[in-house]
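Thanks for making the time this morning.

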Amino acid sequence: MRVHVVSDVHGNARDLARAGTGADALICLGDLVLFLDYADHSRGIFPDLFGVENADRIVELRTARRFEEAREFGRRLWAGLDRDAVILAAVRRQYSELFAAFPTPTYATYGNVDVPALWPEYARPGTTVLDGERVELDGLVFGFVGGGLRSPMRTPFEISDEEYAAKVEALGEVDVLCSHIPPEVPELTYDTVARRFERGSSALLDAIRRTRPRYSLFGHVHQPLARRMRIGATECVNVGHFAATGRPWALEW
């Protein structure tokens with residue numbers, strides 16, 4: 001059995017269409033939407049609306065952790081526009097292309113920049129969406145936990161630590177723990193390019209120590225200090241910033 005795993009697709013439909021080649025299934029750990037590319041400020045919903053110079057400025061403010069200034073800057077740009085309607089229309093355009101690129105079968109969960117309410121409209125019969133749920137693939141049990149934790153970034157699908165922990169607890173013991181965000185370990189949560197710690201989950205870390213899955217697979221942090229490390233019996237793997245690499249991570253058994 002061979003499964004390809006991707007995360008942080010951020011609009012890369014071209015490579016997503018090839019991500020399942022040679023695999024029996026594809027797993028996607030979320031963040032399909034591209035709002036703003038921190039590596040290329042010309043890409044995404046934000047620069048499409050407001051131009052590259054404004055994208056440069058908001059990235060500068062966020063990187064400096066001047067989040068309130070960034071929010072005020074954004075409020076001025078959005079003045080006079082129906083922000084929710086504009087973003088929803090742009091997300092729909094991206095989802096139409098991205099969900100069409102998923103091979104069959106695909107098992108997917110949400111990232112923190114995704115809009116879960118829209119997924120039922122775009123997920124085709126060959127795509128199974130899981131959140132706080134399990135699926136068995138050729139003898140291995142995969143558990144999925146979607147979304148992110150609340151942060152100063154205020155992205156669309158952030159939930160409380162308690163709600164997130166409840167989803168982790170609902171999985172029970174699994175062979176492969178699949179989540180969008182990493183367990184709360186500094187080497188896995190610090191982004192070396194953005195120069196900040198992203199939110200990791202203590203509930204995931206507790207589950208890894210308690211239930212000892214074979215693998216913990218996740219994304220969210222695009223350029224971590226460590227892409228792979230072992231916690232006890234569990235191999236923890238950041239499956240990559242797929243938008244930039246275009247390459248899936250492969251699991252065979």
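Asp8 is buried, with a relative accessible area of 1%, where buried stands for under 20% relative accessible area, exposed for over 50%, and partly exposed for what falls in between, using a 1.4 Å probe and protein chains only. Asp8 sits in the loop between strand E1 (2-6) and helix H1 (13-16), and its phi is near 55°, a positive value in a residue other than glycine. Helices here are DSSP runs of H or I with at least four residues, strands are runs of E with at least two, and both are numbered from the N terminus.

Before I go on, a word on provenance: this is a predicted model, in which local features need pLDDT of at least 70 and side-chain atom pairs count only at pLDDT 80 or more, while totals for chains, interfaces and linings use all residues. Residues are numbered from 1 along each chain as its sequence is written, and side-chain values use heavy atoms, with hydrogens and water left out.

Arg154 also has a phi near 55°, again a positive value in a residue other than glycine. Is Arg154 buried or exposed? Arg154 is exposed, with a relative accessible area of 58%, and its place is the loop between strand E7 (148-149) and strand E8 (158-159). A further backbone feature is the cis peptide bond joining Thr104 and Pro105, with omega at about 0°; Pro105 belongs to the loop between H5 and strand E3 (106-108).

That brings me to helix H5 (residues 83-101), which holds Gln94. Gln94 counts as buried, at 16% relative accessibility, and, leaving aside residues up to four places away in sequence, Gln94 touches Leu32, Val33, Leu34 and Ile45, a contact being heavy atoms within 4.5 Å.

Now to the aromatic side chains. A pair of aromatic rings is described by the distance of the centres and the angle of the planes. Rings of Phe, Tyr and Trp (for Trp, the six-membered ring) pair if their centres lie within 6.5 Å, and planes under 30 degrees apart count as stacked, over 60 as edge-to-face and the rest as tilted. Over the whole structure, the search finds 14 aromatic pairs. For Tyr95 and Phe99 the ring centres are 5.4 Å apart and the planes are at 85°, so this pair is edge-to-face. Tyr95 and Phe99 are separated by about one helical turn, because they are 4 residues apart in helix H5. Tyr95 is buried at 0% relative accessibility, and Phe99 is buried at 1%. Phe99 and Trp119 have ring centres 5.1 Å apart and planes at 80°, so that pair is edge-to-face. Since Phe99 lies in helix H5 and Trp119 in helix H6 (residues 119-122), the pair ties together parts that are 20 residues apart in sequence. Trp119 counts as buried, at 1% relative accessibility. Ring pairs link Tyr95, Phe99, Phe102, Tyr110, Trp119, Tyr122 and Phe157 into a cluster.

Let me finish with the chain as a whole. The protein chain has 10 helices and 15 strands, and of its 253 residues 55% count as buried. Among its contacts with a separation of 6 or more, 57% come from residues 24 or more positions apart. Along the principal axes, the C-alpha atoms fill a box of roughly 55 × 35 × 30 Å.
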